[in-house]
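Me: Hi! I have a chain open in my viewer and would like to talk it through with you. Could you help me read it?

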Amino acid sequence: QRAAESPAFDASLVRSLYDVYVRMLRPFGEALTDIERIGVQLDGALLRRIQLCAETDRDSLLASVREWAVAHTGAPDAARINFDSAKQLQDWLFGAEGDVVKFEVENTEGEVLEGRSRPLKYRTVCVPALG
């Protein structure tokens, strides 16, 4: 409604920043306060469905990237890279080609080091950098 009342921006009518404020910013501010007062309705059920779909898509795409990483590097441990870690991704993607990048990962396999009786909580994996 207010947009129809205010004429389109005409540079010849602007002589100062105050003119910009009066013609553009004040009506914009009023529109924002109207939105804040009235609110914006959201469909919660639709948002939950979209979230579930996005999470499923993310999981399947992440699995594809892990498979690609293992096939491309030839290292089974490449599937253990933490794709939520910017540091690990940076080291792996931009490390010099031929370098080996070491990551600490949770020892879900229960691997026991020589000379120890119990498995460590974390273990080190080595993955070739893509460079």
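Reply: Happy to; here is the overall picture, followed by a few residues. This is a predicted model, where local features need pLDDT of at least 70 and side-chain atom pairs count only at pLDDT 80 or more, while totals for chains, interfaces and linings use all residues. Residues are numbered from 1 along each chain as its sequence is written, and side-chain values use heavy atoms, with hydrogens and water left out.

Me: Thanks! How many helices and strands does the protein chain have?
Reply: The protein chain has four helices and two strands, in the order α-α-α-α-β-β from the N terminus. Both kinds are DSSP runs numbered from the N terminus: helices are H or I with at least four residues, strands are E with at least two.

Me: And is the protein chain compact or spread out?
Reply: It is more spread out than a compact globule, because its radius of gyration is 28 Å, well over the 14 Å that the globule rule gives for 131 residues. That radius is taken over C-alpha atoms, and the rule is 2.2 Å times the number of residues to the power 0.38. Along the principal axes, the C-alpha trace spans about 80 × 40 × 25 Å.

Me: What share of the residues counts as buried?
Reply: Of the 131 residues, 15% do. Buried means under 20% relative accessible area, exposed means over 50%, and partly exposed lies in between, with a 1.4 Å probe and protein chains only.

Me: Let's go to strand β2. Where is Val127, and is it buried or exposed?
Reply: Val127 lies in strand β2, residues 122–128, and counts as buried because its relative accessibility is 0%. Leaving aside neighbours within four places in sequence, Val127 is in contact (heavy atoms within 4.5 Å) with several residues, including Ala78, Ile81, Trp92, Val101 and Phe103.

Me: What about Thr124?
Reply: Thr124 also belongs to strand β2, but is partly exposed, with a relative accessible area of 42%. Not counting residues up to four places away in sequence, Thr124 touches Lys102, Phe103 and Glu104. The C-alpha atoms of Thr124 and Phe103 are separated by 5.5 Å, though the two are 21 residues apart along the chain.

Me: Which side chain does the side chain of Thr124 make a polar contact with?
Reply: That of Glu104, at 2.6 Å. A polar contact is a pair of N or O atoms within 3.5 Å; within protein, one must be able to donate a hydrogen and the other to accept it, and residues adjacent in sequence count only if both atoms are side-chain atoms.

Me: Nice. Now Gln88: buried or exposed?
Reply: Gln88 counts as buried, at 13% relative accessibility. It lies in helix α4, residues 86–94, and its side chain reaches the backbone nitrogen of Asn82 at 2.8 Å. Beyond neighbours within four places in sequence, Gln88 is in contact with Ile81, Asn82, Phe103 and Glu104.

Me: Where is Leu120 found?
Reply: Leu120 is in the loop between β1 (100–106) and β2, and counts as partly exposed at 31% relative accessibility. Setting aside neighbours within four places in sequence, Leu120 is in contact with Asn107, Glu111 and Leu113.
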